Amino acid sequence: VNTIAAGQSKDKLVKAVQKEFDVSFNESDRLVRTELTRIMNQSAADSYKAAGCEEFEFLATDDERTCEQCGKLNGKKFPFSKLEYGVNCPPIHPNDRCTIIPVLKGR
């Protein structure tokens, strides 16, 4: 499905996945949200590394819905050489809302 590359909405992708795999809207939405989080964090990591950053910081969405696992990772720094999706880089779990940010030298 090329909906994201074509600039179409997440909801359009959700409906396309729902139809293609004959799953419920909620199942499709969970999958799409989770994979978009992975794609966005992978793209961010690639950009940060290309800019010369050597480390990233886990940034949890800090609110009443933040899970214990993401809360424990919040603010922790890791070298890009140790980046591992589902372990220290989002998505840690389905529907993860967290992201990574670059660690800038001298800061």
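Which helix gives the most residues to the lining of the largest pocket? Helix α2 (residues 25–50) does, with 4 residues. Helices here are DSSP runs of H or I with at least four residues, and strands are E runs of at least two, numbered from the N terminus.

The model is predicted: local features need pLDDT of at least 70, side-chain atom pairs count only at pLDDT 80 or more, and totals for chains, interfaces and linings use all residues. Residues are numbered from 1 along each chain as its sequence is written, and side-chain values use heavy atoms, without hydrogens or water.

The largest nonpolar core has 14 residues. Such a core is a set of buried Ala, Val, Leu, Ile, Met, Phe, Trp, Tyr and Cys residues joined through side-chain atoms within 4.5 Å. Buried means under 20% relative accessible area, with a 1.4 Å probe and protein chains only. F56, F58, C70, F80 and I100 have the most contacts inside this core. The elements that give two or more residues to it are α2, β1 (55–59) and α3 (68–73). A second, separate core of 5 residues includes V14, V17, V32 and L36.

Now look at the rings. F56 counts as buried, at 0% relative accessibility. F80 is buried too, at 8%. Their ring centres lie 5.2 Å apart and their planes meet at 40 degrees, so the pair is tilted. Rings of Phe, Tyr and Trp (its six-membered ring) pair if their centres lie within 6.5 Å; planes under 30 degrees apart are stacked, over 60 edge-to-face, and the rest tilted. F56 sits in strand β1 and F80 in the loop between β2 (77–79) and β3 (99–103), 24 residues apart. F56, F78 and F80 form one aromatic cluster.

Technical notes. Buried < 20%, exposed > 50% of the residue type's maximum accessible area, 1.4 Å probe, protein only.
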